[in-house]
Amino acid sequence: MSRTELLPISPVDGTQIGVFPAATPGEVREAVERGRATSLAWGNTPLRERLRLLARLRAIIVEELDAVVARVTAATGKPDLEALAGDVYTTLDFIAHYEQSAENYLASEPRPSHRLAPHASFRVDYEPLGVVGIIAPWNYPLQLAMVPLVTALVAGNTVVLKPSEVVPSVGALIQELCARTGFPAGVVEVVQGGPEVGEALVDARPDKIFFTGSVATGKKIAARAAEQLTPLELELGGKDPMLVFADAPFDRAVNGAVYGAFVNAGQVCVSVERAYVEAPIYERFVAAVTEAARRLRVGSGRAADLGPLIRPAQADLVEAHLDDALAKGARLTTPRERVGNGFRPLVLRDVSHAMRVMTEETFGPVLPLMPFRSEPEAIELANGTRYGLNASVWTRDRARAERVVRALVAGNCAVNNVLLNIANPHLPFGGERESGWGRYHGPEGLRAFSRVKAVMLDESTATSEMSWFPYRATSYEVVKSLIVAVFGEAPALAKAGAIASQWLGAARSLWRREGSAR
Ligand code: NAD
């Protein structure tokens, strides 16, 4: 069978960017086997040594900063600043964050003892899982491969990464950077290819799959991983709402909407995909957003705000959402103008939830704006899709902000801001509903790449325990009286606790005497 080759094209000028041989299913299995063979040694490598290698990776990226940015922009066409800030800065920030915090996050945690074994100590350990398979998307091809990769390595796992077939040159870049860092053989494996290589990676039974991508693919991977019950984390799409109340800081909200909708040309899982604006300021808000959007420059390099759509077919989805919305009565307030594989920023008004653009992820430079009349209506509209990734609430009324945040079905919320909430590496990140399963980032994220092991350490000298065999005729009454004392309403719980622990002490010494008499 001839080997499949990936022939990616530049989204800027359509020229081919190299030839990348795809891995065969056998090579994917071998990569996972190499990862497994190395996983014990890597997992037993002291955390400080693992972090030392990651610090070296960080230093290499900084040394090669412009070259790394150039590789990302060549593959994606995004403006230089977006590659620098969205892909490179975030990657470096997470490495630096783990250098500071990983020791704490992964330290064993003592837990309180329990009345049935007051003599024992209890703790939770965070151990490596083994081999983690990472399947990455194309929109932030460096960040969304590197942050999970780095997290998995810090937690002591080896990694098999499958970058997106749309941007294999960034996958190759990651491979080169890891090779220069000097990770031991088998710690980081990169397998290039499309969906079938992703499927082969799932079938190769890594100890965990970490997937970032679309809802449709997430469902397929979940079904496949379920056959082996491979643990899975899914970071999927979003239809993130922005709720603008009449008392919001107006200019800040306008600029926030424009940035949130058009950064990375709207190809962000947490971009503002729909904005709801309180009726009294709706017209003024639409006019101000339209004006600000018209000022954005489309292109690439350092003098552009918006790049093209990275994946060729993405433009078709944007066109389809526009056609559907316009046919159902929406109006564009900006020109419908293609620029290469991209668009000038598109602002839509008079939209409704009957339109795809308000309920399905568009993942392009489109900002639909809809008025609302009350807080309950705004909440109902915001929660009215199958997604639940990020959301933002804009108001000067702190009590209202807290109320609305609480009512939103979303994994992440920002008040009077967009997107910056997800850049804080201390916070967990993930989605609700069809936006995904699980959390990464923050302590939760590092522990998501760990085996959470509950440990009991018993140094008792007694030969048996009250609850062990043999069951005595009196045992039922003894346990019953304990239940009444501890869980009953009277006497007061504190007193009951004292009674129970006295009783336990007596029972234990009885057992100990019995044990030594045998
Ligand atoms: P996609 O689902 O098409 O592809 C993602 C990856 O999955 C690619 O590497 C692809 O080759 C692989 N893949 C495709 N089919 C597969 C299969 N059957 N089995 C195994 N692997 C398979 O997504 P995309 O178009 O690359 O990325 C865009 C999507 O990603 C958007 O929906 C966006 O919202 C989402 N996304 C989510 C987050 C997040 O953190 N929640 C971040 C970025 C992007």
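Q: Two strands pair if DSSP finds at least two bridges between them. Which residue in β17 does Met-242 stand opposite?

A: Strands of a sheet pair through backbone hydrogen bonds, either parallel or antiparallel. Strands are DSSP runs of E with at least two residues, helices are runs of H or I with at least four, and both are numbered from the N terminus. The model is predicted, so local features need pLDDT of at least 70 and side-chain atom pairs count only at pLDDT 80 or more, while totals for chains, interfaces and linings use all residues. Residue numbers start from 1 along each chain as its sequence is written, and side-chain values use heavy atoms, with hydrogens and water left out. Here β10 (residues 240–244) and β17 (residues 390–394) pair in the parallel sense over three bridges, and Met-242 stands opposite Ser-392.

Q: What is the strand order of the open sheet of seven strands?

A: The order is β12-β15-β16-β11-β10-β17-β18, with mixed pairing. Because β12 (331–332) and β18 (412–415) each have a single partner strand, they form the edges, and one side of each lacks a neighbour in the sheet.

Q: Which strands does helix α11 lie across?

A: Contact means heavy atoms within 4.5 Å. Axes are lines fitted to C-alpha atoms, for helices over the stretch in contact, and angles between N-to-C directions run from 0 to 180 degrees. Helix α11 (residues 314–327) lies across β12, β15 (346–349) and β16 (366–372), at about 25 degrees to β15.

Q: How many salt bridges are there?

A: Side chains of opposite charge can pair when their charged atoms come close. The criterion is a side-chain nitrogen of Lys or Arg within 4 Å of a carboxyl oxygen of Asp or Glu, and by this rule the count is 37. One of them joins Glu-127 and Arg-451, with closest N and O atoms 3.4 Å apart. That pair links strand β4 (residues 121–128) to strand β20 (residues 450–457), 324 residues apart.

Q: Where do Glu-319 and Arg-338 lie?

A: Glu-319 forms a salt bridge with Arg-338, at 2.9 Å between the closest N and O atoms. Glu-319 is in helix α11 and Arg-338 in strand β13 (residues 338–339), so the pair ties together parts 19 residues apart in sequence. Elsewhere, salt bridges that share partners join Glu-283, Arg-331, Arg-349 and Asp-350 into one network.
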